[in-house]
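Open your viewer, switch to a cartoon view and get ready to click along. This tour tells you what to select at each stop and what you will find there.

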Amino acid sequence: MTFAEPLIFEVGAPGRRCVQPPPDETAEISLDDLAVEPTLPVLPEVSELDLLRHFTRLSHRNFSIETHFYPLGSCTMKYNPKINERTARMSGFAHLHPYQSEADLQGALELMYELERALCAIAGMDRFTLQPAAGAHGEMTALLMARAYFDHKGERRTKILIPDSAHGTNPSSARLAGFKVVQVKSDARGNVDLEALKTHIDNEVACLMLTNPSTLGVFEENIVEIQRLIHEAGGLLYYDGANLNATMGYARPGDMGFDLVHINLHKTFSTPHGGGGPGAGPVGARGELVDFLPSPLIEKNDGAFRFADAKHSIGRVRSFFGNFLILVRAYTYMRAHGPEGLKSVSEHAVLNANYLLSRLKEAYTLAYDRRAMHEFVLTAKRQKEKGVRALDIAKKLLDYGFHAPTVYFPLIVEEAIMVEPTETESRQTLDAFAEAMLAIARDAESDPQQVLGAPRGLPVTRLDEVGAARNPVLRWETPS
Amino acid sequence: MLAAVGVSSVEELFADIPRDVRFQGGLQIPSALTEAELLRYFGALAERNRHVETRPSLLGAGVYRHFVPAVVDAVISRAEFSTAYTPYQPEASQGTLQAIFEFQSMMCALAGLDVANASLYDGASAAAEAALLCASSSGRGRLLVSRAVHPEYREVLKTYTISGELKVEEIGLDEGLTSLSALGDMLGSDVAGVIVQDPNFFGIVEASEELAKRVHDAGAALVVLNNDLSAYGLLKRPGQWGADVAAGEAAATGLPPSLGGPFAGFIAVRDAFTKRLPGRLVGVTSDGQGRRGFCLTLQTREQHIRREKATSNICTNQSLCALAVTVYLTALGPQGLREVAGASARRARYLMQGFEKAGLRRRFSSPFYHEFVMRADDPGAVNEALAREGIVGGYPLGKAYPELADCLLFCATETLTRGDVDAAVKAVAAARHKVGVQ
C-alpha cells in the first residue's frame, strides 16, 4: 500500500459526474434577477468509484488508533468506542436546527443539562458552559471570564502566570485575552518552583494557569500551598484539564481550589480526534465566577429545559451551542462508564504509564525520577551522544508499527520523549512497544545508522519540512 | 503489573496527591449502562426532539440543509481518518495531510483567493480570527462590521475583543444591505478591516465592487463572510469582486445541521496575508527519494512554537468536518454545485412568490440567493400556522433586529419538495385572518 496517490484534482475527467441532484421541480422559475457568475469554481470531476477509491487509499496512508498504538503524550489517544458514533448519528440529534424552538429541542437540552451536571460532579465545580469548541478555545473563554470578573470588581490585573512546562496554547490564549504573560520556572522535581512563584505574585496577577498533573506527567505536590498564595494575593487559579484522565475519582480541581477549569472531551471522554478535530473544551466555574459564564446556559424549571444567560455573561464565544454532537459522544461515554468505571479508567491509565516507565527507565533517562501519573517524560540525552536524537527514535518507532510519542515537548526537557499509553491498551501491546523502544536504544548504542534512516517502510521516507516552508505550495493549481 | 511497578496496590500510585485534596467517596454521576441500555436511553432522548431530517423546515439563518450523499459518511466513518491525531508525524499521516491539502485547494477555488488554512472551529470564530488578522497585519485598531453579518458572529467578535485593544463598530443598513454612505462616514486611516457577509444574513447578495473600492481606498482590508458555500456555485466568488479575506462556515456543504456543531470554519486570504493566517496549513514537499509528500508548514505562526507571540491560540481545528466538506464538494463537482445552488435559489423564489400570494409582504427588494425576509403583522401566528402543518417556520428577526420585529427570515433549499412549499403556502393562506395580512 505504498503507491503514490494522485490528488483528487488529478483524477477524473471534464464532465464526469458522481452524484446527480434530482431534476429541479421548480425549473420554470426565473433567476433573471440574479447576476449569475459565468465561470464555475474549479472542483474535482470524478465518478463515485473514483471518489471512494481515492479517499480509501488516502486512509491507508494514515496511522490511527484503530490501526496502531498511539502513545502520544498529552493527547490521551484512547480507544473511541463505536457506540458513541451510533448515538451521535441518531436523527433526533444530528438533524436538529439550532433555531428550532425550545419545545422542539427538549431531549437535546436535557442531554446538555445532564452532561453539565456530570462534569460538575467529576471536576467539583458549580457550573459549566459547553460552548468552547476545543481546549485552547476553553482557555481563552476562561481568561475572558477572569478579565470580566476583575473589571466588575474594579480591579486592574494585567498578568497571567504560566509554568514553563505548559502547553503553548496557555500563553497564546492569555495574550489573546489581552494579558501579559509571566513564565514561572519549574523545580528539580517538576513542580512549580515555589520561591520563583512568590517573586512573581503581586496585586497585578489575575490568574495562575496550571495543568495538574503537569505536562511532565507528575502531580503538583505543593498545590495546597500554591492555591493559598494565589488566593491570598486576590488572584484566580485556572486548571488546564488536558490531563484529567489521570485523576478521575481521586482528585477534583474544585477541591484543589481551582476557580476556573477547562476539560478536553476529546481526550478524557473518548471523542475521536478526527485527524485534528473537532473537539470540545467545556469550561467550569466556581463561586462568583459562575456569573460570568458565556451564553447560553441551560436551566430546568418544572421538568422543562430552557436557555438562560448568566448574570454578567461575557457573551458568546461560539455560534449556537458548541460542538453538540461531540457532547453527545462524551455523554455516551460517561453513561457507559458510570462512577466506578471512570475511576477505573484513571487507575488503569496511571498503572499502564508506570508499567511502561518501569520497562524503559534503564535504557533511557527519566526526566524526573519520581512516580508518574498517566504519562511520563524520557530524555534521549544518552542516545544523542551517539548522534541519535529524539526525532530519530520517533521515526524509527513508525517502522516498528507504533505511532511516535510526543517529542521535544515539554520544552524544558532536552530531547524530550513523552509517553502516554492510556488505559485502553493491553499489557501485550505495552510490552511490544517496550521491546521496540529497547531495541532502538540498543541500536543507538551499537549501530546508530539503523535508527537514523527511519522511516523506511512507510509511503514516504523523511520529508523535507524546511523546503516546504521555504517554497510554500499550499493549494493545487490547474496546470497551465 | 503492580509488582513490576513496585507497588502493592493501585491506590499507592496516587500517593503524590496530597491528603488534603484527595477525593473521598464516589463521583455523583449515574451508574453505568450496557450498550443496549445506552441505545434505549439515548434513543429516548433523541425521540424527545423534533428533528428536521424528514420534517420540512424553512429555517436557515446560518445553518442550511442540503442533501448529503452517502459517500460522505462512508469516508468520514473510516477509523483511519476519524481516530487519527493531528498530523505532526507526516510520514504516518499522509492520508490526513493530503485530504487537508485538497480541502485548502477547494476553499481557495470557492473563495477565489490564494491561500486557505486547514479549517477553524466555526463561522463565528472564523469571522473573529479574520478580524484579528486584519488588525495584526495592518497595525490599525478599528474594525467595521456590517449589521447584515450574522448576529451571533457579531456577538462572538465582541467577546473576542473584550480587552478593548481593538475597537469594533457596526455599520448600519440601507434596505437590507450594508449602507455605503454609513460606511463612507466611518472609514478612516485607522480602520484595519471592513467585514461584510455575502449573501448577507437576510439572504441578499452583498457583492459590490463599489463597496470594495471604498474599503481599499481607505487602505483597509475587505473581509467577506459566508455560511453556505453552495452560493458560489452560482454567484460571484469573494476574490472576484475585491475580498482580501474570505471566512465563514463550510458546514452547509457536507454536514447535517447538528444543532449547530461540530461545523467547519474556513478562512482564505490573498498571498500577502499568508504569514498572518491562524491555525494549521499543509504544504507540498518531497521525501529523500523525490516522491511527493505533504506536511504541516509555516508553523512558526503557531502557538506550539511561538507561544504568546503566535498569530492565534488555535490548536485543534475541525479536520474531520473539513474532510466531510471535501468529500461533499468532490461528489458534487462544479456542475453539481451549480445545480444545487440553482435549485435552491429557484425553490426559494417559488416559496417567496407563494407567500406573497398568501398575503405576506416582501421586506427588501434586492436580489437574494435562497433566503428572504417577509413581513406579517403577527409573525408568531405565521409560524404557528406552519407548525400546525408539521412545518418548521422562519427565523423571527425581532430579537436581533428590533426594527424588523414584524419580519421572518425564510430559507428554501433543494431539500424542500415542491409539495412542501405548496403546503407551507397553503398553511399561511389558510391562516390569513389570524396573521393579520392584507
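Which residue is the bridge partner of Val224(B) in strand 8 of chain B? Select Val224(B) and look across to strand 8 of chain B: the partner is Ala246(B).

Before you go on, a word on the model and its labels. This is a predicted model, in which local features need pLDDT of at least 70 and side-chain atom pairs count only at pLDDT 80 or more, while totals for chains, interfaces and linings use all residues. Residues are numbered from 1 along each chain as its sequence is written, and chains are lettered from A and ligands numbered from 1 in the order in which they are written.

**Stop 1: a sheet in chain B**

Helices (H or I, at least four residues) and strands (E, at least two) are DSSP runs, numbered from the N terminus. Two strands pair if DSSP finds at least two bridges between them.

Select strand 7 (residues 221-226) and strand 8 (residues 245-249) of chain B, which run parallel and are joined by four bridges. Now show the whole open sheet of seven strands in chain B: its order is 1-9-8-7-6-2-3, and the pairing is mixed. At its edges stand strand 1 (115-116) and strand 3 (167-171) of chain B, each with a single partner strand, so one side of each has no neighbour in the sheet.

**Stop 2: the domains of chain B**

Colour residues 70-327 of chain B as domain 1 and residues 333-433 as domain 2; such bounds come from an automatic or database domain assignment. The centres of these two domains of chain B, taken over C-alpha atoms, are 29 Å apart. Domain 1 of chain B brings 14 residues to the contact and domain 2 of chain B brings 18. Two residues are in contact if their C-beta atoms, placed from the backbone, lie within 7 Å. On the domain 1 side, there are nine nonpolar, four polar and one charged residues. Here Ala, Val, Leu, Ile, Met, Phe, Trp, Tyr, Cys and Pro count as nonpolar, Asp, Glu, Lys and Arg as charged, and the others, Gly among them, as polar.

**Stop 3: where the chains meet**

Show both chains. In contact are 157 residues of chain B and 162 residues of chain A. Select helix 11 (residues 319-357) of chain B, which gives the most to chain B's side, with 23 residues. That side of chain B divides into 79 nonpolar, 46 polar and 32 charged residues.

Now pick helix 4 (residues 106-123) of chain A and helix 2 (residues 35-47) of chain B: their axes come within 6 Å and cross at roughly 130°. That makes the two helices oblique to each other (angles under 35 degrees count as roughly parallel, over 145 as roughly antiparallel, 65 to 115 as roughly perpendicular and the rest as oblique). Gly107(A), Glu110(A) and Leu111(A) of helix 4 of chain A make the contact with Leu45(B), Ala46(B) and Glu47(B) of helix 2 of chain B.

**Stop 4: a covered helix in chain A**

Is helix 6 (residues 169-176) of chain A mostly covered or mostly open? It is mostly covered, with eight of its eight residues buried. A residue is buried if 20 or more other C-beta atoms lie within 10 Å of its own, exposed if 12 or fewer, and partly exposed in between, with C-beta atoms placed from the backbone. The cover includes helix 5 (135-153) of chain A and helix 10 (303-306) of chain B.

Six of the six residues of strand 5 of chain A are buried, so it is largely enclosed by the rest of the structure. Strand 5 of chain A pairs with strand 4 of chain A in the parallel sense over five bridges, and Leu208(A) stands opposite Leu237(A).

**Stop 5: a four-stranded sheet**

Finish with the open sheet of chain A in the order 10-11-13-12, with antiparallel pairing. Select strand 13 (residues 416-419) of chain A: Ala416(A) and Met418(A) point one way, Ile417(A) and Val419(A) the other way, and all are buried. Met418(A) is the bridge partner of Val377(A), and Thr406(A) also stands opposite Met418(A).

Key: Axes fitted to C-alpha atoms, helices over the stretch in contact; angles between N-to-C directions.
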